[in-house]
Amino acid sequence: MRGRLASIGSEETLLSEGWNLVLTEPGACAVPHDIPLSAPVITAEVPGTVAAALENAGLFDRENPEQLDTKDAWYVSRLFDAQPGEAILRFEGLATLCHVFLNGQEILSSESMFTLHEIPVTLSGGDELALCFRALAPRLAEPGPRARWRPQMISPQGLKNVRTTLLGHMPGWCPEIHAVGPWRPITLVRRDVVSIDNVSVRAVLEADGTGRLSVSLHADVENPDLLLRCGEVQQAFEKVAEGHYSAILRLTDVEAWWPHTHGVPRLYDYSILIDGVEHSLGRTGFRRIELDRGADGEDFALRINGDRVFCRGAVWTTADIVRLPGARADYEPFLRLAAEAGMNMIRIGGTMAYETPEFFQLCDELGLLVWQDFMFANFDYPKNDKSFTAHVHAEVEEFLHRVQGSPCLAMLCGGSEIYQQAAMFGLPTEFWTGPITDEIIPAIAARVRPDVPYVPNSPSGGSMPFASNAGVTHYYGVGAYMRPLEDARRANLRFAAESLAFSHVPQQRILQRHLDVPPVHSPLWKARVPRDRGSSWDFEDVRDFYLAELYGHDPARLRRENREHYLDLSRAVTGEVVEATFAEWRRKGSPCNGALVWTLQDLLPGPGWGVIDSTGEPKPVWYALRRAFRPVQVIVTDEGTNGLDVHVINETMHSLQLDLELVCLQRGRQHVVSGGRILTLGPRSSQTFAGTDLFGAFFDTTYAFRFGPPSHDVVVARLRLPDGGPVVADAFHFPLGRAKAFHDPEIIVSASHQGSDGWVVDLSADRLAQSVHLEINGYRPEDDWFHLAPGAPKRIRLHRLPGTEDDDDPSGEVTSLGSSRSFTF
């Protein structure tokens with residue numbers, strides 16, 4: 001039986017309450033009876049972790065974690081409500097070395113965090129269920145097969161021999177909070193007279209637009225009356241072998257599932273009728289996904305339903321580093337913010353952990369593609385260990401069965417940076433590969449999810465695995481390697497499964513609540529700044545490099561003399577960098593087919609990699625990504641003596657009529673030259689215009705010829721709805737640099753309630769205002785840290801924050817970079 005689809009016709013009871021947790025020394029207790037009666041007892045929840053139970057009891061501090069892999073952890077519960085009789089105990093995830101006892105007798109020994117176990121038992125009433133999670137540290141210290149390389153970012157090296165998450169074992173960016181405990185549900189299952197298991201589902205969009213839903217299953221009774229239902233269509237099951245049945249249902253003219261940036265993520269309910277009783281299997285969608293490697297085999301692009309899709313998004317970490325939760329309520333705030341930002345892909349990397357079907361169901365609904373790494377990263381994994389290989393087979397097959405109906409699953413990847421590690425140690429090509437990622441996983445994936453492309457490792461595909469001009473890469477040229485912004489074009493990027501890592505500074509109110517210490521120099525601040533282990537620099541140094549490049553300030557001097565201005569520039573600069581970089585990657589003619597930023601969310605509050613703080617608050621860079629990821633977009637690129645190119649993009653499924661405007665301003669307000677065009681943009685199309693074509697005459701838009709003093713300091717491109725309608729996208733170019741375009745604008749701001757649309761803020765400025773920031777009590781603005789040009793009033797919707805009452809009117813202030821004034825409302 002596999003996953004949730006195995007429970008049709010069964011009664012399930014979640015064993016979530018009534019658990020006690022006891023910590024003992026390693027090996028001190030062999031069986032539950034050995035636990036001392038005097039041992040301290042802590043109330044625990046399942047699913048959950050030891051860290052979460054201790055934290056709830058006030059005995060664990062996630063900001064100063066104690067080591068949890070040096071103790072044995074015992075979870076004990078009395079099943080007082082369970083009736084006597086035959087049953088199955090289902091354990092969906094035990095982290096990591098676990099022995100399970102029923103009434104003192106061992107019924108299970110598990111050595112993988114990622115495998116599911118179903119154990120038939122006979123209950124007598126009031127049974128005692130005990131789980132012992134053995135200390136992992138002694139096992140990790142044992143010598144294993146000799147490795148050909150040793151990754152520096154992960155410690156200890158013994159993790160390569162044990163199937164557990166690497167979260168908590170990556171010093172430099174991840175708090176050392178170890179995953180210990182029943183992190184996934186424990187369920188008591190009782191069979192009905194008719195029960196269904198081994199349910200396999202496959203939803204396919206055929207070339208002619210027909211949706212084909214194939215379902216096979218095992219039934220434990222002879223010739224049951226089985227029907228498959230999807231939408232308004234039903235299909236009877238046919239017997240294909242003893243106890244095995246299958247049905248193929250076709251829906252003509254089906255509405256395809258699309259990522260939300262390109263269409264509607266249409267889902268269909270489907271169910272099985274057993275003797276006339278309907279049992280829901282959930283929802284699925286029909287789509288076709290292909291990996292396009294190009295004529296030369298070096299490209300890397302996803303085609304969804306035949307169309308190339310520019311994939312953009314971020315790498316998922318976890319909804320909570322202490323609890324490692326898997327419920328919809330835990331995932332939803334982060335995934336909704338991802339969709340709101342215009343992301344259409346989330347990657348679960350090989351250094352994290354598998355998420356639950358609820359994660360994928362949400363992504364199905366939100367129209368978010370999922371790139372799924374299997375949980376292998378950096379190490380030289382064992383090749384001839386039969387027990388290890390068996391764990392790999394089990395975890396891969398079980399994961400794929402759990403998500404077999406999800407249309408969001410778009411890419412399967414054998415692991416992260418294994419090839420790269422070997423290559424960077426100077427090993428030849430034949431050392432990079434291994435049977436796990438190159439043989440075992442792809443064989444299972446081809447059988448269970450043949451509709452999803454597979455790549456053996458990320459990065460891979462070029463002369464070196466990390467080469468950016470072929471295959472999939474992890475691009476940090478702009479970012480960690482402090483290359484100029486022009487490197488985004490020079491790298492000739494095809495697809496980045498990771499990119500653009502910075503130490504992103506949160507909003508000031510988050511710092512005041514969670515990290516109210518002097519920035520940069522406080523040890524508490526520095527502990528939250530990510531770094532590559534062993535390096536002489538950290539990602540705050542990276543951010544400071546671009547602060548100096550874009551704004552001309554000495555960061556060390558600025559933070560000493562004007563800390564508040566330093567923090568505001570730090571908040572703005574990473575957003576400016578990502579907007580400029582994605583503009584280069586999304587322009588017409590770019591070879592780039594997608595890029596994911598590292599990472600979506602932080603693990604602790606502070607200046608981490610995440611574009612969303614661990615509290616769920618979007619950072620300033622999130623708003624920049626929201627602008628960079630607009631499906632209807634205008635982009636300007638500096639082409640030197642060729643002038644300024646204006647690129648317009650329509651990724652939607654509709655044809656759009658838009659007005660394109662281009663204007664150059666002197667001192668941020670005086671109109672120098674302008675031009676425009678009425679456009680009709682077809683679905684999934686883009687166009688490029690030379691700025692001079694829009695003006696109708698030569699003008700040194702980029703100030704490349706320098707025939708005299710500069711006549712303007714900013715160029716503004718806008719896409720409007722017809723007849724002077726609202727601006728749907730804008731872009732800014734600073735020919736003299738951003739620092740030369742700082743002004744002291746007068747900003748007019750007002751708030752009003754617009755009925756069902758809720759509260760909005762209207763803003764206008766008499767001259768260019770850079771990085772306009774709204775600080776609003778009780779509300780989150782739809783946009784923030786944006787540029788505001790004269791002649792283009794901006795309306796921003798406000799989202800009420802949790803805890804804000806309906807009758808709490810918004811109030812706050814508006815500021816902009818380069819000006820000391822604030823405007824209250």
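Me: How many helices and strands does the protein chain have?
Reply: In this predicted model, the protein chain has 16 helices and 43 strands.

Me: And what does the C-alpha trace span along its principal axes?
Reply: The C-alpha trace of the protein chain spans about 90 × 65 × 60 Å along those axes. The radius of gyration is 28 Å, and this agrees with the value near 28 Å that a compact globule of 825 residues would have.

Me: Switching to the sheet with β31, what is the strand order?
Reply: The order is β32-β31-β34-β35, in an open sheet of four strands whose pairing is antiparallel. The edge strands, each of which pairs on one side only, are β32 (670-681) and β35 (727-733). On average, and with direction ignored, neighbouring strands of this sheet are turned by 15 degrees against each other.

Me: How many bridges link β31 and β32?
Reply: Eleven bridges join β31 and β32, which pair in the antiparallel sense, and Leu660 has Arg677 in β32 as its bridge partner.

Me: What sits between those two strands in the hairpin?
Reply: Three residues lie between β31 and β32 in the hairpin, and Arg667 in the turn has a positive phi of about 50 degrees.

Me: OK, and how many bridges are there between β31 and β34?
Reply: Seven bridges connect strand β31 (residues 656-666) with strand β34 (residues 714-720), again in the antiparallel sense. Glu661 has Arg718 in β34 as its bridge partner, while Leu665 stands opposite Val714 in β34.

Me: Now the helices: at what angle do α14 and α15 cross?
Reply: The axes of helix α14 (residues 563-586) and helix α15 (residues 620-628) cross at roughly 20 degrees and come within 8 Å. Because angles under 35 degrees count as roughly parallel, α14 is roughly parallel to α15.

Me: Is that crossing left-handed or right-handed?
Reply: The crossing in which α14 passes α15 is right-handed.

Me: Which residues meet there?
Reply: From α14, the residues are Arg571, Thr574, Gly575, Val578, Glu579, Phe582 and Arg586, and they meet Pro620, Val621, Ala624, Leu625, Arg627 and Ala628 in α15. The residues of this contact of α14 with α15 divide into seven nonpolar, two polar and four charged.

Key
Residues are numbered from 1 along each chain as its sequence is written. This is a predicted model: local features need pLDDT of at least 70, side-chain atom pairs count only at pLDDT 80 or more; totals for chains, interfaces and linings use all residues. Side-chain values use heavy atoms; hydrogens and water are left out. Axes are lines fitted to C-alpha atoms, for helices over the stretch in contact, and angles run from 0 to 180 degrees between N-to-C directions. Angles under 35 degrees count as roughly parallel, over 145 as roughly antiparallel, 65 to 115 as roughly perpendicular and the rest as oblique. A crossing is left-handed if the near helix is turned anticlockwise from the far one by less than a right angle, and right-handed if clockwise. Contact means heavy atoms within 4.5 Å. Ala, Val, Leu, Ile, Met, Phe, Trp, Tyr, Cys and Pro count as nonpolar, Asp, Glu, Lys and Arg as charged, and the others, Gly among them, as polar. Two strands pair if DSSP finds at least two bridges between them. The radius of gyration is taken over C-alpha atoms; the globule rule is 2.2 Å times the number of residues to the power 0.38.
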